[in-house]
Amino acid sequence: TPPPLPAMPRTVAIVQARMSSSRLPGKVLKPLSGVPALLQLHRRVLHASSIDLVVVATSDEASDDPLEAAGKAAGIPVYRGSLSDVLGRFYGCAREHGATTVVRLTGDNPAIDPGLVDVVVGAYFYGGFDYYALAGKELDYPNGLECEVFSFEVLELMHREARLDSEREHVTPYIRWNHSGLRRVGFVDFFKGSGLGVNRWTMDYPEDFELMEFIYAKLCPNGEMFTMQDVLALKKEHPEAFEVNAVHTRDSGYQKSLEDEKKKELEASK
């Protein structure tokens with residue numbers, strides 16, 4: 001008998017989402033043009049030709065039961081795992097769905113540009129990277145377009161080796177700052193010097209949701225697709241609307257995790 005065929009490559013976009021956000025509770029199910037934000041995001045990611053499957057990965061806490069129900073009612077695969085160990089949740093989800101390549105997205109970014117997702121995934125494969133991403137404030141791109149791509153083997157490595165709470169909660173810091181044993185780690189660089197990093201198109205605070213409602217009302221009242229360029233053009237027409245969330249900073253959740261770790265270290269050393 002012939003040997004078994006190798007598993008077909010499978011690129012799975014995993015969207016992490018939860019209802020228990022402290023700054024904007026229930027944000028992923030808040031309506032945008034009458035449709036829950038998470039379902040709008042899912043619909044947009046399906047337009048990325050590089051993605052074979054889109055799965056929502058949420059927690060096994062009772063607070064996320066409505067999220068699972070909404071996803072399943074819309075025909076979206078939903079995986080449930082640890083609330084705090086998001087890296088473990090990603091690993092379990094990727095393994096269950098046979099992912100050979102993982103695209104990490106977050107549920108609070110419903111303005112994600114599927115064309116940009118395809119660019120990042122394409123660059124990952126073309127360049128032979130272990131990890132390739134549009135992530136990190138130093139890259140000067142609009143906050144809310146984040147997209148990270150890595151192999152299942154790299155996810156397995158992170159799951160096995162990452163120890164810090166911040167590495168488990170935010171999934172990829174271990175690999176972003178510890179490149180040992182990897183062939184190639186890369187970041188999208190074509191936004192550098194663009195000045196677009198001042199833009200904030202994510203949903204962490206009530207003011208962010210107010211802006212996202214405006215973007216959807218103008219660009220997607222009835223399910224229309226829009227791109228990063230469309231949002232930039234809208235900002236040019238209505239600059240005042242985009243000032244509503246300007247007070248908030250990028251990556252505040254990750255920075256808080258790092259601060260909490262420092263406090264733990266100080267307390268342990270006393």
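## Talking through the buried residues, the cavity and a pocket

Mentor: In this predicted model, 51% of the 270 residues in the protein are buried.

Trainee: What makes a residue count as buried?

Mentor: A residue is called buried because its relative accessible area is under 20%.

Trainee: Okay, which residues line the largest cavity?

Mentor: L41, V45, L105, T106, N109, I112 and E146. The volume of this cavity is about 30 Å³, and the count of cavities of 30 Å³ or more comes to one.

Trainee: Why is it called a cavity and not a pocket?

Mentor: Because a 1.4 Å probe fits there but cannot get out, whereas a pocket is an open set of points.

Trainee: Which elements each supply at least two residues of that lining?

Mentor: α1 (37–45) and β6 (101–106) do.

Trainee: How do you know how many lining residues are nonpolar, polar or charged?

Mentor: Go by residue type: Leu, Val and Ile count as nonpolar, and Glu as charged, so L41, V45, L105 and I112 are nonpolar and E146 is charged.

Trainee: What about the second largest pocket, what lines it?

Mentor: It has 15 lining residues, with V198, N199, R200, N245 and A246 nearest its centre. The pocket holds about 190 Å³ of space, and its lining divides into five nonpolar, six polar and four charged residues.

Definitions and conventions. Residues numbered from 1 in each chain as written. Predicted model: local features only at pLDDT ≥ 70, side-chain atom pairs only at ≥ 80, totals over all residues. Heavy atoms only, no water. Buried < 20%, exposed > 50% of the residue type's maximum accessible area, 1.4 Å probe, protein only. 1 Å grid on protein atoms, 1.4 Å probe; cavity = no way out; pocket = protein on both sides within 12 Å on 5 of 7 lines; lining within 4 Å. Points joined across faces, edges and corners; volume = space filled by probe spheres on them. Helix = DSSP H or I, 4+ residues; strand = E, 2+ residues; numbered from the N terminus.
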